[in-house]
Amino acid sequence: MNDYKSMLPEELAALLKELGQPAFRARQLFSWLSRGACWEEMTDLPKGLREQLAREGTLFRPEAARKQVSREDGTIKYLWRLRDGNCVETVLMRYQHGNTVCVSSQVGCRMGCAFCASTLGGKVRDLTAGEILDQVLFTQVDSGAPVSNIVLMGIGEPLDNFDNVLRFLRLVNHPQGLNIGMRHISLSTCGLTEQIDKLAQYELQLTLSVSLHAPDDGTRSRIMPVNRRVGVEKLMETCRRYFEKTGRRISYEYAMIDGVNDSDAQADQLAALLRGTPGHVNLIPLNHVEESPLKPSRRVAAFQKRLERQGVTVTVRRKLGGDIDASCGQLRRKAAQRDQ
Ligand code: SAH
């Protein structure tokens, strides 16, 4: 069965050529697919062709199993039910510079970070490129808000699903599709060094965010099991190589956890770690996860000041959708528990 939503225009062209169709049909089809259309809506394609395509492949439309709208700031969180009944979350955030959609890349996650709700049940499966794309398309269709920015910061580790994520990037970036520029896309990783090196080879102009969360191996290994295989020093070397290859500054994410990674000494260590490495730090007030004993830090402002005094560029992430469980993994978890 063909998975049309995951197919690039040139692949659709090859398929349609085999069916004896002219080249412009592939452009028409790709453009319809990129708008989330169903077969009935594709009125400029011959009916016989649509019927044949429908017989030989799938065009699934995810269903919004839940939708929560924040009364505070208009953030919308969707829980999409996929073809096989699994659910993933997508968040639409409204900023002055445009609408940003935060997509999931896997059902669950196997990275095991201590503070993250997405990883509590482990990884169920990877999403296909089409399933990642559908989150953008149907968020746009349902909300009526045109999406201008994408962040791969939902459930899952994008670089643990490398090929499908790369394909997704090509699909949304394509001029005949959503045409979202790479500079409007951020990809967040817990720091899989081999895959960061692999990604660098493509020299994409997206923003790479690295979830650092601690400047020393002791703390980082405690909260992020991935660090037990490759420590902070190797990770930073990889980040420097990434910058050299792509010319893109890395954004380091740092979720502030009370008594774990928020001391003055750790701020100093972080500043030292980043010295001579182009990039900036994004401090994230920890979202409390029910199942976790970790608490949000009360030292965000002091930590920020201390970094700034040492020449580090720092931003603090604004919290959106606080009233709707908008941090990733929480809605899927609650829904799964309710459905049991
Ligand atoms: N797997 C990727 C992307 C998913 S999470 C990664 O690890 O980067 C996106 C960001 O949210 C990551 O920086 C992640 O560490 C962070 N995060 C996860 N749970 C959080 C929580 N409870 N509070 C604050 N940030 C959290």
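**Entry 1: Lys-77**

I start with a term I need: a polar contact is a pair of N or O atoms within 3.5 Å, and within protein one of them must be able to donate a hydrogen and the other to accept it. I also remind myself that this is a predicted model.

With that in hand, I looked up Lys-77, which sits in strand β4 (residues 76–81). Is Lys-77 buried or exposed? I found it buried, with a relative accessible area of 0%. Which side chain does the side chain of Lys-77 make a polar contact with? The partner is the side chain of Glu-89, at 2.5 Å.

**Entry 2: Arg-25**

Next I turned to Arg-25 and found it in helix α2 (residues 24–33). Arg-25 is buried but has no salt bridge. I checked for the nearest side chain of opposite charge, and that is Asp-44, 6.1 Å away.

Asp-44 still matters for my notes, as its backbone oxygen lies 3.3 Å from a polar atom of the Arg-25 side chain. Setting aside neighbours within four places in sequence, I listed Leu-16, Asp-44, Leu-45, Pro-46 and Leu-49 as the contacts of Arg-25.

**Entry 3: salt bridges**

Side chains of opposite charge can pair when their charged atoms come close. How many salt bridges does a search of the whole structure find? The search gives 18, and I followed up a few of them.

Glu-51 and Lys-47 form one, with their closest N and O atoms 3.2 Å apart. The two residues are separated by about one helical turn because they are four residues apart in helix α3 (residues 47–56). Glu-51 is partly exposed at 40% relative accessibility, and Lys-47 is exposed at 57%.

Asp-163 and Lys-198 meet in another, at 4.0 Å from N to O. This pair links distant parts of the chain, as Asp-163 is in helix α5 (residues 162–173) and Lys-198 is in helix α6 (residues 193–200), 35 residues apart. I noted Asp-163 as exposed, at 54%, and Lys-198 as partly exposed, at 38%.

Glu-253 pairs with Arg-317, with the closest N and O atoms 3.2 Å apart. Glu-253 is buried at 4%, while Arg-317 is partly exposed at 28%.

I also found a network in which salt bridges with shared partners join Asp-264, Asp-268, Arg-299 and Arg-306.

**Entry 4: the ligand**

Glu-253 came up again here: one of its polar side-chain atoms lies 3.2 Å from an oxygen atom of the ligand. How much of the ligand's area does the protein bury? Taken alone the ligand exposes 530 Å², and the protein buries 94% of that.

I counted 18 residues around the ligand, and the closest are Phe-115, Ser-188, Ser-211, His-213 and Asn-287. A polar backbone atom of Phe-115 is 2.9 Å from a nitrogen atom of the ligand. Strands β10 (185–189) and β12 (250–256) each supply at least two residues of the shell.

**Entry 5: Asn-261**

My last stop was Asn-261, in the loop between β12 and α9 (264–274). Asn-261 is buried, with a relative accessible area of 0%. Its side chain reaches the backbone oxygen of His-213 at 2.7 Å. Beyond four places in sequence, the residues Asn-261 touches include Thr-219, Tyr-254 and Phe-303.

Conventions. Residues are numbered from 1 along each chain as its sequence is written. This is a predicted model: local features need pLDDT of at least 70, side-chain atom pairs count only at pLDDT 80 or more; totals for chains, interfaces and linings use all residues. Side-chain values use heavy atoms; hydrogens and water are left out. Buried means under 20% relative accessible area, exposed over 50%, partly exposed in between (1.4 Å probe, protein chains only). Lys and Arg count as positive and Asp and Glu as negative; His and the chain ends are not counted. Contact means heavy atoms within 4.5 Å. A residue is near a molecule or strand if one of its heavy atoms lies within 4 Å of it. Accessible areas come from the Shrake-Rupley method with a 1.4 Å probe; for residues, only the protein chains shown count as cover.
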